[in-house]
Amino acid sequence: MPRSLTRIPIAVVLALGLGAGPAAAQFFQSPFGFGQEQQPPARPRPPGPPRAPKVAPQPEAPPVEVTTPYDPDLQRLAEILGALHFLRNICGFDEGQKWRDEAQSLINAEAPSGKRYDQLVQSFNRGYLGFRQSYRTCTPAARIIIRRYLEEGSQIARDVTARYAN
């Protein structure tokens, strides 16, 4: 049982679990005047089949997070795509949102939600922001990084596809 639930008094748990309603409140006297209102008399139940006891709904199990052996490769690929999105823009390649769209396609295909989604988005942002902090204009070093990242990203895509494709 979660720690926060162990602090709830047993009487409250029983009252909630057994469906006790406002009638139970009339037994508690308050120095502030609460609970002293006159409750209407309870109406007798009409005869009929006995009611099934109320069952508290079970909390939904958290979604099972699927991990794959190639998750680190996908995170690196997302980081590379983020870096390319920034660097190719400042170097005047006029590709618009091409690299961001590629990352979005990767994320949608592999992890449309959950922890893996968050990790891939963070990796893309880390690649983008890391170079945004260092580069204001295109430099020869930026062009070398672009070339190397294109090669590394291609290699990761080939390796993951060759190793894990069905």
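1. Glu-151 and Arg-147 sit four residues apart in helix H6, so about one helical turn separates them. Their side chains meet in a salt bridge, 3.8 Å from N to O. Glu-151 is partly exposed, with a relative accessible area of 48%, and Arg-147 is partly exposed at 45%. Note that this is a predicted model.

2. Side chains of opposite charge can pair when their charged atoms come close. The count of salt bridges in this model comes to seven. One of them joins Arg-76 to Glu-79, at 3.7 Å from N to O. Both residues lie in helix H3, three residues apart, about one turn of the helix.

3. Arg-76 also forms a salt bridge with Glu-152, where the closest N and O atoms are 2.8 Å apart. Glu-152 lies in helix H6 (residues 140-164) and Arg-76 in helix H3, so this pair ties together parts that are 76 residues apart in sequence. Arg-76 is partly exposed at 24% relative accessibility, and Glu-152 is partly exposed at 28%. Arg-76, Glu-79, Arg-126 and Glu-152 are linked in a network of salt bridges.

4. Is Arg-88 buried or exposed? Arg-88 is buried, because its relative accessible area of 12% is under 20%. The residue belongs to helix H3 (residues 71-90). Beyond its neighbours within four places in sequence, Arg-88 contacts Phe-93, Glu-95, Trp-99, Ile-146 and Leu-150.

5. The axes of helix H4 (residues 98-110) and helix H5 (residues 114-134) come within 10 Å and cross at roughly 165 degrees. That makes H4 roughly antiparallel to H5. The residues of this contact divide into seven nonpolar, no polar and three charged.

Definitions and conventions:
Residues are numbered from 1 along each chain as its sequence is written. This is a predicted model: local features need pLDDT of at least 70, side-chain atom pairs count only at pLDDT 80 or more; totals for chains, interfaces and linings use all residues. Side-chain values use heavy atoms; hydrogens and water are left out. Helices (H or I, at least four residues) and strands (E, at least two) are DSSP runs, numbered from the N terminus. Buried means under 20% relative accessible area, exposed over 50%, partly exposed in between (1.4 Å probe, protein chains only). Contact means heavy atoms within 4.5 Å. Axes are lines fitted to C-alpha atoms, for helices over the stretch in contact, and angles run from 0 to 180 degrees between N-to-C directions. Angles under 35 degrees count as roughly parallel, over 145 as roughly antiparallel, 65 to 115 as roughly perpendicular and the rest as oblique. Ala, Val, Leu, Ile, Met, Phe, Trp, Tyr, Cys and Pro count as nonpolar, Asp, Glu, Lys and Arg as charged, and the others, Gly among them, as polar. A salt bridge is a side-chain nitrogen of Lys or Arg within 4 Å of a carboxyl oxygen of Asp or Glu.
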